Amino acid sequence: MRYQRPKGTADILPKEAKQWSAVESRAREVFEKYRYQEMRTPMFESFDVFSRTSGETSDIVTKEMYDFYDKGDRHITLRPEGTAGIVRAYVENKLYGPEVQKPFKTFYMGPMFRYERPQSGRLRQFHQIGVEAFGADSPALDVEVISLAMALLNSVGLHSLKLSLNTLGDNESRQNYRQALIDFLEPHEAELSKDSKERLHKNPLRVLDSKDANDQKIVAEAPSILDYLTSDATKHFTLVKQYLDALEIPYEIDSNMVRGLDYYNHTIFEVMSDSKAFGGKWTTVCAGGRYNGLVEQLGGPETPGVGFGLGVERLLLILDAEDIELSEQQDLDVYVVGIGEKADIESLKIVQALRQQGFSAERDYLNKKPKGQFKAANKANANYTLTIGQEELDQQKVNLKDMRTSQQESVGLSQIYTDFAQAKSVLDEKEN
RNA sequence: GCGGUAGUGGUGAAGUGGUUAACACACCGGAUUGUGGCUCCGGCACGCGUGGGUUCGACCCCCACCUACCGCCCCA
């Protein structure tokens, strides 16, 4: 094979694309109910937009950025996630202005890029559907965003889900906890895994997330973030939990949960699935949280924010594993069987007329014999065929056949052009 | 970035260091001239991921590269 798609990319063929667009349209329906409006921002941004916000030491910035210098020597990055670009646009277009109602609630869907080793459900170009809500600190908004995430997943037929919840507190909480964690981990430094030793000083919270069994044993004894929250942070988190209870949304507190991006604070959450798509292991399909301070980081006024991102490829893997088919197949209404050269132009006119009358119509373009055309009609799941040849042309009639019952009736050509529905119903009635 | 497995036609795949690369499905054509879903018959890889090498000779052995899948890292 001469040309192949770049590593870590996928061609989405018609069959899969139907499922994609079904997911997208379900998502849009849910967003409409929650009053989140779409934004479309560039797929590439200035490198700094991400390096500043995601954290200079985060893995995304240090090794997963798809970046390059363009012909104008600008340092460009294909967006690795959605939030930073949305925030940039929010600030640049002054959506924080007084004429914009708060909270400003928006959603996006589209491709993201990370330079990493592909695996199933993890591509270099992957897709996310995400939401962001700016300008309100209320825990009720955190809960709206979480409930939106759940509603979205429910709307595509997923119900066996787990909501993991944690808080990172505010800045002060985080500073205090960070120090406490370092104080706790340093005596154990020698026992830690190689990766965790490195993380200990760069980003100690990441040690909590280690998959290493020995690390986990050590971490089990570590202090909990929940004991270092300021009273404000505690209050926020308490209310989030209370509101979730009020909505009867079950959740599990996971005080070791962290985020790969540095801009999060307060509430963070993940929605996980134990679908057989991932071998029954709990895998995150949707992750988000609050990011107060991010808007300032990108040059806007002090503005709180909260949102989530959902991995579309992962979602589709689950739907596939659970045999959930969202789009119902559309049968072909009419296949026009044309016989002989003279009928060619008539076939062309008939399919055109049928389509204008609102029916789906198809015809042959390969000069197939009638038998072949009927086979094609059958394969396309055609409900009706219209046969037109020399005889029919002479009499200005066509043969209308119901492919289900094989009943056939001669119908005036003019009626096909003016009102196919009528012709069809006459045939249907005769059959009954 | 590291480790492991794999790579034969549209698809699922069998295959051996030595003339014509099984089989099945799909697809196309035919079985009396203009009518489908069944059956029967026929066709369908100038080629075995790419490039080197070993050999009298390689799809089958060796090396490199590419890609996919799995694990690690990390994450959606």
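Lys 368 is partly exposed, with a relative accessible area of 36%. I keep in mind that this is a predicted model.

**Entry: Lys 368 and its surroundings**

I located Lys 368 in the loop between strand E13 (361-363) and helix H13 (370-379). I then checked the charges on the surface. Lys 368 gathers with Lys 371, Lys 375 and Lys 379 in a patch of positive charge there. A patch residue needs over 30% relative accessible area. Lys 368 has 36%.

**Entry: domains**

I looked up how chain A is divided. Domain 1 takes in 14-170 + 230-321, and domain 2 covers 334-431. I noted the spacing too: the C-alpha centres of the two domains lie 51 Å apart.

**Entry: Asp 262**

Next I turned to a loop between two strands. Asp 262 sits between strand E8 (252-253) and strand E9 (265-273). Its relative accessibility is 28%, so I put Asp 262 down as partly exposed. I also checked Asp 262 against Ser 275. They are 13 residues apart in sequence, and their C-alpha atoms are 29 Å apart in space.

**Entry: salt bridges**

How many salt bridges are there? I found a count of 16. Side chains of opposite charge can pair when their charged atoms come close. I went through some of the pairs.

I began with Glu 92 and Arg 88. Their side chains meet in a salt bridge, 3.0 Å from N to O. Both belong to helix H4 (residues 83-92) and are four residues apart, so about one helical turn separates them. Glu 92 is exposed, at 55% relative accessibility. Arg 88 is buried, with a relative accessible area of 18%.

I moved on to Asp 142 and Arg 290. Their closest N and O atoms are 2.6 Å apart, and they form a salt bridge. What does this pair tie together? Asp 142 lies in helix H5 (residues 139-155) and Arg 290 in strand E10 (residues 283-290), so the bridge ties together parts 148 residues apart in sequence. I noted that Asp 142 and Arg 290 are both buried.

I then checked Glu 270 and Arg 259. Their side chains meet in a salt bridge at 2.5 Å, N to O. Glu 270 is in strand E9, and Arg 259 is in the loop between E8 and E9, eleven residues apart. Are these two buried or exposed? Both Glu 270 and Arg 259 are buried.

Arg 28, Glu 38 and Arg 40 are joined into one by salt bridges that share partners.

Methods:
Residues numbered from 1 in each chain as written. Chains lettered and ligands numbered in written order. Predicted model: local features only at pLDDT ≥ 70, side-chain atom pairs only at ≥ 80, totals over all residues. Heavy atoms only, no water. Domains from an automatic or database assignment. Patch = residues over 30% accessible without salt bridge, like charges linked within 9 Å, V, L, I, M, F, W, Y side chains within 5 Å. Areas by Shrake-Rupley, 256 points an atom, 1.4 Å probe, with all protein chains shown as cover. Salt bridge = Lys/Arg side-chain N within 4 Å of Asp/Glu carboxyl O. Lys, Arg positive; Asp, Glu negative; His and termini not counted. Charge placed at Lys NZ, Arg CZ, Asp CG, Glu CD. Buried < 20%, exposed > 50% of the residue type's maximum accessible area, 1.4 Å probe, protein only.
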